[in-house]
Amino acid sequence: MVIRTTSTGLAVVLLVTLAACKPEFDERTSLVRDERILAVRSAPAEAQPLDPALPGYVPLAYTALVADKDGTKSNVPIEWAYCTLPKPVSELNDVNQLCFSSRTAPYLKPFAMTGTSVSADLPWDTTQGENGCNQFGPDVPATGRPADPDSTGGYYQPVRLIVDRGGRFDLELAETRIKCNLPGATPSVFGEYENRYRLNQNPELDTLVASSDPTLALKTEEEGDSGLVVGVGAAVSLTASWAACPTTPECGNGFCEEREDKTACPADCTTPKGCTGSEPYVHFDLTTRTVVPRREAMRLSWYTTAGTLRDDRTGSTEEDVVARNSSSSENVWSAPTTPQTATLWVVLRDSRGGSSWKAYRVTVQ
Amino acid sequence: MAGVLALSICANQGVVLAQSTSGPNETPTRQGKLTKPPKLVQFVEAPYPESEKLAGKMASVILQIAINDKGVVDDVAVVQSASPAFDLAALEAAKKFVFEPAEIDNRPSPVKITYKYDFVLKEEPVGPIINFEGVIRDRATKKAIEGLKVAVEGVGEAITDDEGHFEFEEVPDGKLTVTISGPGFTTITTEENLEEGKHLEVRYTVTPKEDKPGESDSDEEVVIVAPRIKKEVISTEIKVEEGKRVPGTQGDTLKVVQNLPGVARAAFGSGQLVVWGAAPQDTRVYVDGVRVPLLYHGGGLRSTINSDMVRAIDLAPGGYGSEFGRGLGGLVTVETRSPRADGFHGYVAADIIDASAMLEMPVSGSTRVAVAGRQSYLDRDLKLFTSKDVGDFVPIPTYYDAQLKIEHDLGQNESLQIFGLLSNDDLVRTVTNPDPAQTKREETHASFNRLIARYRRQFDDGSSVTLTPSIGTDHQSTVARFGGSPTSLDNKGTAYGLRATYRSKIAPSISVLAGLDIEAQTASLSRQGSVTLPAREGDIHVFGQQPGDQTNVDAWTTTMASLAPYAQLDIALFGDKLHVIPGVRLEPYLTGGNRLVPVAADRPSTGFMNQDTAVDPRLAIRWQATPRASMKAAFGIYHQAPLAEDLSSVFGNPMLGISSARHALAGGTVKFTDLLSLELVGFYSKSNDLVSRSALTTPGLAQALLQEGEGRAYGGQLLLRHELSKGFFGWASYSLIRSERKDHPGREWRLFDFDQTHVATVVASYELGLGFEVGARFRYASGFPRTSVPAAFTSLRRDLDEPFFGKQNAVRIPDFVQADVRVAKRFTFGTTKAEVYLDVQNVTNRRNPEDIIYNYNYSQQGYITGLPILPVVGARIEW
């Protein structure tokens, strides 16, 4: 650990010293050394808790991105479980700490499968009438306090992940966005919301290009070597991009958007899908109690097995997206000082809980 | 020896009779060794023979005195005659002498001694004898005051000389009514008892009269017959001239409160007052009897009231009287001073933090005015010189404040004051980050203003009435954005107040203080963001922890009112040595709002109004055991209304009622000298019905907060204080305090978030001469409690690690130790004075940990450290 001070001399009666000092830690989240779970993706990205016995019900598919110094790992014995215990308002974390207190508990609903790719049904207790929306959403009894949505209006079903590493446990929390009712909305507002809101679509990373050859999209890990070869210690600018979503609904653009349905726009909504970039969506504004349009913010998490990344995370705020419809983000990777093959991961997350990722193998010589 | 004793006895007589025994001539009447000579213990003066006196003769008669083994004179014989008259007078007197018996071989034995009885004529004094005299000094500076008029009813008047001395001759014995008056001093009257034949010497200390300096005696007919009841049995009053010289305060008297016993060291940049283990919001601050929401500007850099407007500041950490209430913790009272009437005065001052100025003057014979203002610029200074980290950790607000005081004499013993004050703080800080979730922007605003009128009337019988109506507005606003999660809290309120006070002496030994204390406040609030932000006392979290992204909104209004009649007696017993001060305060609290439950669909909002009535008995006892030792004890019950912020149906609970506390304390003071004293106090306080977050996984509707908490604090404090004298003052204080909370029934007691078990402060300042002055301050404090983080988990949706917590508040930040030094040089140019000072904080450049910080996955920890060495240069010119 390096202690950095802000004293820089006796400049003008040491006004500089008014800055408090903070320690700077040398360990960065973007450097992958040991095996870690970097992301979890659920498909679909947003689902409504339903009785699995209903016809046409499709369980959720979960995929975990696990990485270590050698690259992406696929056979990792991840134990999955839904946690159905709400969080008291006295806890500041995102989930009740008891969700991690034991491997089995009445409020834990373990998945039937283990591994990096699993599927499961959202909790649905027919006898108790319990589901994610009345445990983590607004559908609580009249005498109870509804859970608060996140800033995009979403509610989330906690998913607890455990990796047993010989008595030492890696503990992770994934959350699946669940579609619930609106808290305190009038029927007309709720009707408008239902008409305009579209379930979230997981984003997709389109390309990653390096500054050395902006015309060359790097190949992913699944496709083999990325095609990027850099010298030792070289700094490479990387640009990750995703789809630029239409800013106004338009039938025929391939996306089933607000106010479009099978009747109004069968071309887009017969097999509905959303944009894989920064999607427009509608949001129930708790202040005005009206439905307002929003855009997703996008966030990229960057990881590498060697070298250093300028930024651990980059992205576009909602304001960036609205103002510029931005659909890319840059970072700089400094290659390691010894020849080797390094792996880069870029995880793209939208602000409604969707995610995706890609991995790239880069040759350093 | 007997002779020496006899000489001293006679020294007070008109005639000096020089007597002596002759030790070597002592004749033992039995065999053995004389081991102890006889000692004259009762001398009898012989009447000077009139015939010899008229003839002007002086003589010595040598006597032989036989003393038995009981010390009684058995026989007296003249060995050497002077004259028959002298001999006879000497013989008769000597027969009545009483001795301690002589000892032979260590046993009382009869002896004979030779005794020389001298008859000496001394010139008789001309004129009357001085039998009443004294010295008058300034209570604060201890300097002698020249020119004060001292009048003894039925006797006459005297004027103090340059040593503050006055004297009266031939004052008849009995009760004396003494009145002291003079320019710039309030006329005071006191009573003395002159015993027959005795000489009475007194010492008075007086306080300069702030409100009418420079007026003629004819205007000063105020006679304080009903003394102020000492309202707090335990309190520490700081004089302005001391406070300005304390290192680390940059001349700000009110910042000295943070160095008093019983007060925890404020966390860096917070300026919070934690008194006797009470929460910061539980300690109330009053300016001229009117509550103000903030004593310090943001970050605690400066107080919101100009020090030059302040006459005195007083901290009562607990157990205070019935004149004040509505707070579970301590009490800070600030008394402003009157504008000067003796011409145009003012000052300008500046340092690296801010600049301020003040002007005061009389505008007519009966009206005086003072105006002061301050503007900060530290935030602009820092942008020029500091690293980018400043905004991350140190809130540096832009602030200003202003005060205006007008005082008008309505007549003799009747005045009207108008005091207006305003304070404004703004803070904007943006921490940009390539990660949109890590970009933070915060805008805070805190302002208040008060318009205070104060009408005073003192009556001929010594009683007085004070009426203090007030009105003001408060506005506190925070708008923050943590990534995509907006957070805001806005609280606009209007405060109304009326305080009516009546003082009187209803019996020679009983004074009464009675009054009515009315406060009402309407507030309009709105809030958006996570229910857990801002964090509350008792929340388990760590520094830098990303707030939750759940969000909600609410907008509500509240009305709170309280009308509290109170009364307090000061019963003086046993010759004013014992004061029993019972009091009671009847306090009905009205709490209302417009929203009992959250907004839902088309459901109309439902208002509410709650009433709680509290009866708060108070009792204080002060016993002046000896002139230099006193004991004190107090007990009181206190109540406090909920905060308007907590009455949200979404984020709080509209049905919150009043919280209560009981204070019990006892202690004593020993004055080693007139200037040096030691005070020891022990205390215990217990709080009930404290507000805490619901711990239920599914809280009730509109019940995010519950009133199930308990608190307790106990400990003691010590204050060794040297008053300002000959340019030196200082104090050493130590507080040993344990403060704990239990948030819900069945939970364990835990340490209070602001608990500081040990707090020690040493302050000293000394005038070297030639205008130079040096001062030093040393502070030691236990670190605040914190909760350990033994592990963490990763939130994959938000891509951040979140901590698992160990036992709440089971670890501490390391201790805080800091030394500060102040050097000042004053210059005088006629009526203009200038001062340049260097106030160096943390002279040892010690890196004091202020909080614990963790790396991204909580596997490493370090400390945020406070100020390195910080020299602050300032200058001030006053006239």
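The tour goes from chain A to the interface, and then into chain B.

**Before you start.** This is a predicted model. Treat every value below as computed from it.

Stop 1: Four helices and 25 strands make up its secondary structure. How does the radius of gyration of chain A compare with the globule rule? It is 23 Å, close to the 21 Å that the rule gives for 365 residues, so chain A is as compact as a globular protein of that length. Along the principal axes, the C-alpha atoms fill a box of roughly 60 × 55 × 50 Å.

Now colour by burial. In chain A, 46% of the 365 residues count as buried. Then turn to contacts between residues at least 6 apart in sequence: 65% of those in chain A join residues at least 24 apart.

**Stop 2: the side of chain A that touches chain B.** Bring chain B back. Select the contacting residues: 66 in chain A against 77 in chain B. Which elements of chain A give two or more residues to this side? They are strand E3 (36-43), strand E13 (168-178), strand E20 (298-304) and strand E22 (313-316). E13(A) gives the most, with five residues. Colour this side of chain A by residue class and you get 31 nonpolar, 21 polar and 14 charged residues.

Stop 3: Select E13(A) together with strand E43 (residues 791-795) of chain B. These two strands pair in the parallel sense, over two bridges. Zoom in on A:Leu173. Its bridge partner in E43(B) is B:Ser795.

Stop 4: Chain B holds six helices and 50 strands. Of its 879 residues, 43% count as buried. Among chain B contacts between residues at least 6 apart in sequence, 66% join residues at least 24 apart.

**Stop 5: a sheet in chain B.** Select E2, E7 and E8 of chain B. They form an open sheet of three strands in the order E2-E7-E8, with antiparallel pairing. Which strands are at the edges? Strand E2 (34-36) and strand E8 (107-109) of chain B are the edge strands, each pairing on one side only. Neighbouring strands of this sheet are turned by 55° against each other on average, direction ignored.

**Last stop: one pair within that sheet.** Keep E2(B) and strand E7 (residues 102-104) of chain B in view. Their antiparallel pairing runs over two bridges.

Note on methods
Residues numbered from 1 in each chain as written. Chains lettered and ligands numbered in written order. Predicted model: local features only at pLDDT ≥ 70, side-chain atom pairs only at ≥ 80, totals over all residues. Contact = placed C-beta atoms within 7 Å. Nonpolar A, V, L, I, M, F, W, Y, C, P; charged D, E, K, R; others polar. Pairing = 2+ DSSP bridges. Rg over C-alpha atoms; globule rule 2.2 N^0.38 Å. Buried ≥ 20, exposed ≤ 12 C-beta atoms within 10 Å, placed from the backbone. Axes fitted to C-alpha atoms, helices over the stretch in contact; angles between N-to-C directions.
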